[in-house]
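Subject: Structure handover, aromatic pairs

Hello,

Here is the structure I promised to pass on. Please have it open while you read the notes below.

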Amino acid sequence: MTKQIKTSITINASKEKIWKILTDFENYQQWNSFIKSVTGNVSVGNTINIKLQGMTFKPVVLTFVENSELKWLGHLWFKGIFDGEHKFKLTDNGNGTTNFEQSENFSGVLVKLFSKSLDKNTKTGFEQMNKELKIRAEKH
């Protein structure tokens, strides 16, 4: 089974400014209530550590395109049980604003079991982080 959660927000700031905040992992605790920390060398092929509320996982970075896209793939226990491909994407709207999209494609045998929780908690977490990123980018 597969499932996708997709959220987006328009931010009154450049892609470059938003990317700088998004990839300044050391300062996540100052503004990000969803992702508590990201540690490790964030580049394609590397395994990093991500800490959410009450959960830590070690995804592999799939995409790292400066000012544009960051994507990683994580697994619960091992591949095929509950996998999540998480993506941050920045699109210049051409008018001084940027569209920030945060999405995750889930797959594996436990997706159905976690479906309601994903719709409620995970989507809410994405939306909250999007708002916090918007506030930080527009304030600085």
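Which residues form one aromatic cluster? They are Phe25, Tyr28 and Trp31.

Some ground rules first. This is a predicted model, where local features need pLDDT of at least 70 and side-chain atom pairs count only at pLDDT 80 or more, while totals for chains, interfaces and linings use all residues. Residues are numbered from 1 along each chain as its sequence is written, and side-chain values use heavy atoms, with hydrogens and water left out.

Now the pairs. Rings of Phe, Tyr and Trp (its six-membered ring) pair if their centres lie within 6.5 Å; planes under 30 degrees apart are stacked, over 60 edge-to-face, and the rest tilted. That rule gives eight aromatic pairs.

One of them is Trp19 with Phe64: the ring centres are 5.3 Å apart and the planes sit at 65°, so this pair is edge-to-face. It links distant parts of the chain, 45 residues apart. Trp19 is in helix H1 (residues 15-22) and Phe64 in strand S5 (residues 60-65). Helices (H or I, at least four residues) and strands (E, at least two) are DSSP runs, numbered from the N terminus.

Burial comes next. Buried means under 20% relative accessible area, exposed over 50%, and partly exposed in between (1.4 Å probe, protein chains only). Trp19 is buried at 4%. Phe64 is partly exposed at 32%.

Phe82 and Phe114 also pair edge-to-face, because their planes are at 75°, with centres 4.9 Å apart. Phe82 is in the loop between strands S6 (69-75) and S7 (83-92), and Phe114 is in helix H3 (residues 111-139), so the pair ties together parts 32 residues apart in sequence. Phe82 is buried at 12%. Phe114 is partly exposed at 27%.

Best wishes
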